[in-house]
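Hi everyone, thanks for coming. Let's have a look at this one together before I say anything about it.

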Amino acid sequence: WTKMLDRFAGLPDIEVRVRCNRGNSLAHQGKLEEALKDYDRAIELVPSAADPHLNRGAVYESLGRLEEALKDYDVVLQDDPTDPAAWNNRGNALLGLQRFEEAKDSFQQALDISGSQQFAFAGVNLAIAQYELKEDEEAVKTLRKLLARYAEAFPDARAAYALVLWDQGDRIEAESQWDRATSADPRYRSEEWVSTFRRWPTRLMSVFKRFSATTSVKVK
């Protein structure tokens, strides 16, 4: 990457792409502060470029700097209000800030633009926001639609669905759904992973903890 940066110095549009790619590589390695430096420089070069704002926002989220993440997503949406990734990411930051009504609206915007067939994660995020707002039946409907379409291909939706069912008292079906979800993706058994990396919000995490304390299904 350094050689490429030397090669394309003085060509802002190309340097922005190179810095975004290097920032992404660093972020995937967990070198978040180093990644931020590349995104910062890319934004200095071309302030209107969407990708460095989206990528920097995602790193800010990982660092818990949610207000800063929100600002980056808003910059993208001011320039292009039809960007579904920016709406979805904005909703994620708002979930973390416990601004659930705004988060729900952002996820709905992402779905209105792209449709759940193209952006399924916005659908499950919408259901989680609905659940945090105690719109439980709407959350169940949203999750069932996703699972009807994606079946075993979407453990994220199935894990959330299992917990909502368990909270509603349907314990047998909840454990069955949980077993299917965690067989497909064992990370959902980890409290650290769902709280730190998947970043489930308050109410869903509370159910997860109660579920893990009482269920026969293995959670670690």
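Okay, so let's start with burial: 49% of the 220 residues in the protein chain are buried, where buried means under 20% relative accessible area with a 1.4 Å probe, protein chains only. Quick housekeeping: this is a predicted model, where local features need pLDDT of at least 70, side-chain atom pairs count only at pLDDT 80 or more, and totals for chains, interfaces and linings use all residues. Residues are numbered from 1 along each chain as its sequence is written, and side-chain values use heavy atoms, with hydrogens and water left out.

What is the chain built from? It has 13 helices and zero strands; those are DSSP runs, H or I of at least four residues for helices and E of at least two for strands, numbered from the N terminus.

Now, the inside. The largest nonpolar core has 59 residues, and Leu143, Leu163, Trp178 and Trp200 have the most contacts inside it. By nonpolar core I mean buried Ala, Val, Leu, Ile, Met, Phe, Trp, Tyr and Cys residues joined through side-chain atoms within 4.5 Å. Helix α10, residues 155-167, gives the most to this core, with nine residues.

Which residues does Leu163 touch? Leaving out residues up to four places away in sequence, they are Trp178, Trp200, Leu204, Val207, Phe208 and Phe211, and a contact here means heavy atoms within 4.5 Å. There's also a second, separate core of five residues, with Val16, Cys20, Ala42 and Val46 among them.

Lastly, the C-alpha trace spans about 65 × 35 × 30 Å along its principal axes.

Note on methods
Buried < 20%, exposed > 50% of the residue type's maximum accessible area, 1.4 Å probe, protein only.
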